[in-house]
Amino acid sequence: MRRRSLVLFFCATIAQGSSLWAEEPIRVGVFDFDPLCSIEAQAGAFTERAIADGGFYVSLLKYVASEESWTLEPVPGTLQESLYRLERGDIDLLVAVSYSQEWSEKFDFTQETLVSTWAQIYSSRDRGIQSFLELNHMDIGVVRDDPYYLELQNLVRRFSIQAEFVEFKNYQDLLEGLEKNWIDAGVVDRLYGLRHEDAFSVRATPLIFSPVELRYAAGKNRQKQTLAALDYHVQLLKKEPYSVYYDLLSQILGSPRNRRIATYLKWGLGSALLLTMASGGLSLFLRRRISAHTSELSRKNVALENEIQRRSQAEGELNKSLAQLDSIFQVAPVGLGVLSGTRMTWLNRGIFDLLGYQPSELLGGELEMIIPDPEDLAMVLALGTPSKAAQRGPVETRLRHKAGKSIQVLISGTPSDSQEQDAALTFSVLDISDRKRLERRLLQSQKMEALGQLAGGVAHDFNNLLTGILGYADLALMDGERCPHHPSLIEIRSLGRRAAVLTRQLLTFSRRQTLERRTLNLNDLIRDTMRILQRTIGEDIDLKFIPDPELLNVRADPGQMEQVLMNLAVNARDAMPSGGHLTIETENWGGKGQTPSEIGLDAANCIALLVTDTGCGMSNEIAERIFEPFFTTKALGAGTGLGLATVHGIVKQHGGYIGVYSEVGQGTTFRILLPGVADPAPAARYPDAEDESLPTGSETILLVEDESAVRELIQRVLANQGFKVLAAEGPEEAKSQFRRHRQEIDLVVTDMVMPRQSGAELYAELSATRRGLKVLFMSGYSDRAILETRVLRPGMPFLQKPFRPLDLARKVRQVLDRSPSKGDASGE
Amino acid sequence: MARADLLATAALISLQIAASNGEIILKGAGGTFPLPLYERWIGEYHIESGVRVAYDPIGSGGGVREFLNKRVDFGATDSYLSNIELVNAPGEVIHVPTCVGAVAVTYHLPGKPGLRFTAQALSDIFLGKIHNWSESQLAKLNPDVHLPDLEITVIHRSDASGTTYIFSDFLAQVSEEWNQRIGRARSIRWPVGLGVDGNGNVSRLLRKIPGSIGYAEFTTAHRSDLPAASIRNANGSFVSPDTESISAAADVELPADARLMITNSPAEDAYPISSFTYLLVYREQGYDGRPRVRAESLAKFLGWAVSHGQEFTTEMMYAPLPDAARMRALQIIRKLRYEGKPLSIPALAPQRRAP
């Protein structure tokens, strides 16, 4: 059963291959070689009707042609002419060519031998010839162009026989000549002899030579499929005892008796020859020569058998290595294929896996099926053109998955070493979707880096300006409502603060925000923020908080965490324009589900913050991009595209992980994982109500600030509160001031970023001469590089610009009140 | 045949003797057309000069091949080399005409009647258009002969042969159909008949097969006791081959290189299938390290052949070179060089003996 299906498959393959020539006739060389082939019948132009005409080989070919729907075009000539034409490619196929090692280098042959035949020496009726040596001094009839003629010449030369050859035009003339005693012996093909010997008064001698296997031959590598089809049919016909093959064979062999003898003779050739020779009874010398030739013949016979065995072994090994090769190709992690013309004739599993097709759906199909872009298609096909292929590198294109999505791939190809008429291409397909994604990410991070630097730079200058604006506004507002400009000043301060929030956001998403992390409990922070959140999202949305009472503490910047909650809430609000539910949950993540390994979080000590809305949700494509800055689904002008990017930046900066799960129409859940800590939360909570009173003091403060507006503001604020302020506009002036007032100075308040020397470096220099010198750094621009310097260790007092006079006074008071040894920020 | 074998054996033996003595044996190969005469010459020359010459009768085609491959001192051919063959030769080749021969049309019929043929009739027979001796075309040509109702069997050469060239050249000149279908060549794809090697085998087979017709070098045919037909020449006369009729065909001015076909000669009594036969030698004899003495020996033999050797031609049923042709032949032999310089051979001085 399995064998049958295999055969059917083979059959189908052949049919498919041969359909290529359906239009083009196969040019068949025919020559006279009665009864195997004849050019007489060519008048019938190889019609099916005249199937029995043209001799055995032509008839059989006609049968196969009708099975395969081939068109045959006979090209008559002599054997020599036909061989020449076959070699030049003027004909496609030649009938009845004797197979030999030598010729198989020149031509391709069918595997199957259709007829084995040999030369038979005939003598006239009244003369019996028993041995080759008796041919000495005889006139031997041969047929011009007959391959046996050449063989016989070699033979008589080897046996040192003096014989004269008389060339006849054909076997019939030869047998006539023999009958009339014009010649003493004649060489006739045994098949012809079997059919015609009775018509002449001649006698078949026991002398036979030159067994040949007659097959169909084609030009080297020109008609492999045709030969394969012939082999296929001949194999089938040989298995079937009543097939056309045996019909034709019995026609040329005559009676079954002869056939039996013929079969018998087929294998007894050599021995028969030797026996007749041995019976010659000639001189010892000659016998020795014969026996030398005999052993040579049997040696050759053994060599032939060995050759056959070697070949079948080689064939087995070849099949094995072909199978191995095939399985290697099949499991290769890239797609591999072979194209004939524009059709995909062979594809490996890699391609089917990549594109989601079944083999039957793609094999034999047009390449167009998977490469929708016509320009790319042309470029891929051009890879199969030898002259063009060398100039072309791989083609980057998109393949169409069965499901419709497109897959970015790189296709390389090289022209196949094929003699087929259509250009053939062997190609490989590399899925570069991941690579492209990574490239995009790299590009994105480079963009972010550049944007961060830009934002950082702008924010630094902006913050200096805002510090001035807000500071002076605050100072002016201290005059109270008596001032006629009070409402305007309130407005200025409000706008300034909004500007400050923007610059802060800019710094945050580019992760250049300086964190003021401390140990806190998110539950507390969320409860404190609920009121503001509810106000932000509006009354249509039901806000619910489900805290985990056992929630671990985290080390986080409370302001940043508020920002996260705010931004997520705003996002949820926008997803639920007609209301819904917003649920905030906290829980200890440990032991629940899996933590994405890439972020390297300790799952057991992780807390999760889940923010779930019942909004419109989003597709996977959008979900993949929502954390990108400036990516927004909102209408132009409605969103900055910074909200979720800021969230992402904050979470990442806290060493956490953020993920999103969303279903269109159902809602969205953001999940934030943060590393938990065992430290208890400080008793002092994040203050939610501000004490607006400014602390006072009388200490001496060295103020270093290159921006004069900010310097003067700070000077005024601190001086108002009773501090003695020594102002310096740069490190040099600061150092000279420090030298003069070394013992008086209690605190250095310095900008971080200044020309020539940074605040940190300045402090390092100053503190080297005065141990325990207190410092407060300020900056509108905070870079991780700065934070990582030894000088500004975590916990060192730092004031982010812009700041309010209140913040400044409080911070200064705080630092001054610390114990002289450098404390830790967690102590606050 | 047997004689040729004997001679070859003798030559072989003498080669072995000569080799031990350091004597020179000149080697030649070529046509069977002049074989009877050359055999005679070799014998006579050995008696006269002591120099041995070995001649291998392998046909003109084979002779040319051996000569061009420089395996022999001289080649022998009845059909001179074509311009293309000369251009492709490994050196400057000169043709020395040695005698004039004829191709006889011969046949095996009871009573050995003398027959007359036109080129047209021969063309039809050898093309297989006339199958039987009793056909009217032949009867008309031979009104005095009773031609039997006998199938014609054509016998032709199967090897590359100068004889074939001469015969086909004659037919091609006269019969347009022959010219179109077959043409002239040393090897021909014969439409009918039996093919054999050498003039000797043609004659032998003719004797064996009643009703056969073939062509063979005249002497060989004559020795086989086969009749030679009269052929109508360009002048309209039926002429049979003999020394006179062959000489008549050769009575022409030879060109400087002596290459000339004399088939279908317009001369009144000329036998139309006549031909000069040539020995081929390289003009520069100092090739492949040949010793000067070998070159001189060859030149002496050539000089002898075209002078004293001519005495034996008639006897062997060839025609001697006409005087003018002999002078031309001597001129040509004098062209021989050894390392660029003329070979000084006293025998080649312009003195001759009448044939």
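Student: Which residues of strand 25 of chain A are buried on one side and which on the other?

Tutor: In this predicted model, Lys774(A), Leu776(A) and Met778(A) are buried on one side, and Val775(A), Phe777(A) and Ser779(A) on the other. Buried means under 20% relative accessible area with a 1.4 Å probe, protein chains only. Strands are DSSP runs of E, at least two residues, and helices are runs of H or I, at least four, numbered from the N terminus.

Student: And which way does strand 24 of chain A pair with strand 25 of chain A, and over how many bridges?

Tutor: They are parallel, with five bridges; pairing needs at least two DSSP bridges. Leu747(A) sits opposite Lys774(A).

Student: What do those two strands make with helix 24 of chain A?

Tutor: A right-handed β-α-β unit, meaning that with the strands pointing away from the viewer, the path from the first strand over the helix to the second runs clockwise.

Student: New topic: in the largest nonpolar core, which residues touch the most other members?

Tutor: Phe56(A), Leu152(A) and Phe117(B), out of 179 residues. Such a core is a set of buried Ala, Val, Leu, Ile, Met, Phe, Trp, Tyr and Cys residues joined through side-chain atoms within 4.5 Å.

Student: Which strand gives the most to this core?

Tutor: Strand 4 of chain B, residues 93-107, with nine residues.

How values were computed: Residues numbered from 1 in each chain as written. Chains lettered and ligands numbered in written order. Predicted model: local features only at pLDDT ≥ 70, side-chain atom pairs only at ≥ 80, totals over all residues. Heavy atoms only, no water. Buried < 20%, exposed > 50% of the residue type's maximum accessible area, 1.4 Å probe, protein only.
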